Amino acid sequence: MHPDTAISVPPSGNHAVLAATSPLRDNHGREINYLRLAVTDRCNLRCQYCMPEGGVDFVEHREILTLEELLRVARVFAAMGVGKVRITGGEPFARRDIMVLIRELAATRGIDRLHITTNGVAAAEHLPELKALGIAGINLSLDTLDPRRFWAITRRDALPQVLQTLETTLALAIPLKINTVVLDTTPDTDILAIAALARTTALTVRFIERMPFSGGNSGRGGSPVLRQRLMTLFPGLEPEPTSAATTARLFTLTGFAGRIGLIEGYSRTFCRTCNKVRLTPKGMLKTCLYDDGVLDLKGMIRAGASDAAIAAAVAAALRRRFVDGHQAEGACRGGDEPSMASIGG
């Protein structure tokens, strides 16, 4: 802990009241043990599947949860039995003092798996400390190894910084997953080159269907053809048994030290076992990626709600959870697509 940068969270409720006596479940019997904590909507890239070319209107600073508020929400969820927390954005390392929050979360009782999703542009310098803090894993967004394609997708010239994060993560032996969004324009050469990262290294490369969160009105998402495309490119893929609650279908491939994964976020094939909820940068709880937000936790916190009241409201929201992303989209979505940066990737 850095004593000059510690977060101060005054007691606001009786945590004994929140002691988990049984798994937190939704109205469909799914256990909820995973919180995705979006710490900012800012990003240092402008990926075409996440933002329009001109960017999006970022939320005013006062509307973003403070570090103290983020930590308080995480502690409430941990007290309710949620042991896995993933820090997302936007881009987490675009937020000033993000390491202050990470240090506190790493020391929080009940959080036994702390993960980070990053685009890698500004993460490399923090990796030695993350290793020392016991970070459980890094998810690195990387859609191509071709500099010209990287510019076309992200609208920024930052591939060298991302590759430095990749190399440093591997050198420090931090568990690593590569997240690759496959677009209609993604050539087979990009898929093959990214997959080759798993040939000699025990990392996981996960190919992701494009989802309708571009911040514009593209009217397009992915399609089930990605699964067939991967099977054609890698005919030796063998399904790997996984735990019941998993986002990715995982495969092994002869001659590969690592694994290949498929995330069908548009097809929504994994909703039946979904174990996660999300907190947006503005403090809205989302019990499904495709809903519009079901509980204003920022409003509750700033109105003086106790931890027990927050926990009760969360539990009540989970008793009204949509059965899957298709139902949530049908009930909630309309107009332009939100940006993934404003949701929490």
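Reader: Leaving aside its neighbours within four places in sequence, which residues is Leu70 in contact with?

Author: First, a caution: this is a predicted model. Leu70 is in contact with Leu37, Ala38, Val39, Leu65, Arg95, Leu101 and Leu279, its neighbours within four places in sequence being left aside. One of these, Ala38, is 32 residues from Leu70 along the chain, and the two C-alpha atoms are separated by 8.9 Å.

Reader: Where is Leu70 found, and is Leu70 buried or exposed?

Author: Leu70 is found in helix H1, residues 67-79. Burial is read from relative accessible area, with under 20% counting as buried. Leu70 has 0%, so Leu70 is buried.

Reader: How do the axes of H1 and helix H2 cross?

Author: For a pair of helices, read the approach of the axes, then the angle, then the hand. The axes of H1 and H2 (residues 98-106) come within 10 Å and cross at roughly 20 degrees. H1 is therefore roughly parallel to H2, as angles under 35 degrees count as roughly parallel. The crossing is right-handed.

Reader: Which residues of H1 and H2 meet?

Author: An α-helix has 3.6 residues a turn, so residues three or four places apart point the same way. In this case Leu67, Leu70, Leu71, Ala74 and Arg75 of H1 meet Val100, Leu101, Glu104 and Leu105 of H2. By class, the residues of this contact are 7 nonpolar, no polar and 2 charged.

Reader: How many residues of H2 are buried, and what covers them?

Author: H2 is mostly covered, with 8 of its 9 residues buried. The buried residues are Ile98, Met99, Val100, Leu101, Ile102, Arg103, Glu104 and Leu105. Their cover includes H1, helix H3 (127-132) and the strands S1 (34-38), S2 (84-88) and S3 (113-118).

Reader: Now another pair. At what angle do the axes of helix H6 and helix H7 cross?

Author: The reading order is as before. The axes of H6 (residues 188-195) and H7 (residues 225-233) come within 11 Å and cross at roughly 70 degrees. H6 is therefore roughly perpendicular to H7, the range for that term being 65 to 115 degrees. H6 passes H7 in a right-handed crossing. Asp188, Ile191 and Leu192 of H6 make the contact with Arg229, Leu230 and Leu233 of H7. The residues of this contact divide into 4 nonpolar, no polar and 2 charged.

Reader: What does the secondary structure of the chain come to, and what share of its residues count as buried?

Author: The chain has 11 helices and 12 strands. Of its 345 residues, 53% count as buried. Among contacts between residues at least 6 apart in sequence, 74% join residues at least 24 apart.

Conventions
Residues are numbered from 1 along each chain as its sequence is written. This is a predicted model: local features need pLDDT of at least 70, side-chain atom pairs count only at pLDDT 80 or more; totals for chains, interfaces and linings use all residues. Side-chain values use heavy atoms; hydrogens and water are left out. Axes are lines fitted to C-alpha atoms, for helices over the stretch in contact, and angles run from 0 to 180 degrees between N-to-C directions. Helices (H or I, at least four residues) and strands (E, at least two) are DSSP runs, numbered from the N terminus. Angles under 35 degrees count as roughly parallel, over 145 as roughly antiparallel, 65 to 115 as roughly perpendicular and the rest as oblique. A crossing is left-handed if the near helix is turned anticlockwise from the far one by less than a right angle, and right-handed if clockwise. Contact means heavy atoms within 4.5 Å. Ala, Val, Leu, Ile, Met, Phe, Trp, Tyr, Cys and Pro count as nonpolar, Asp, Glu, Lys and Arg as charged, and the others, Gly among them, as polar. Buried means under 20% relative accessible area, exposed over 50%, partly exposed in between (1.4 Å probe, protein chains only).
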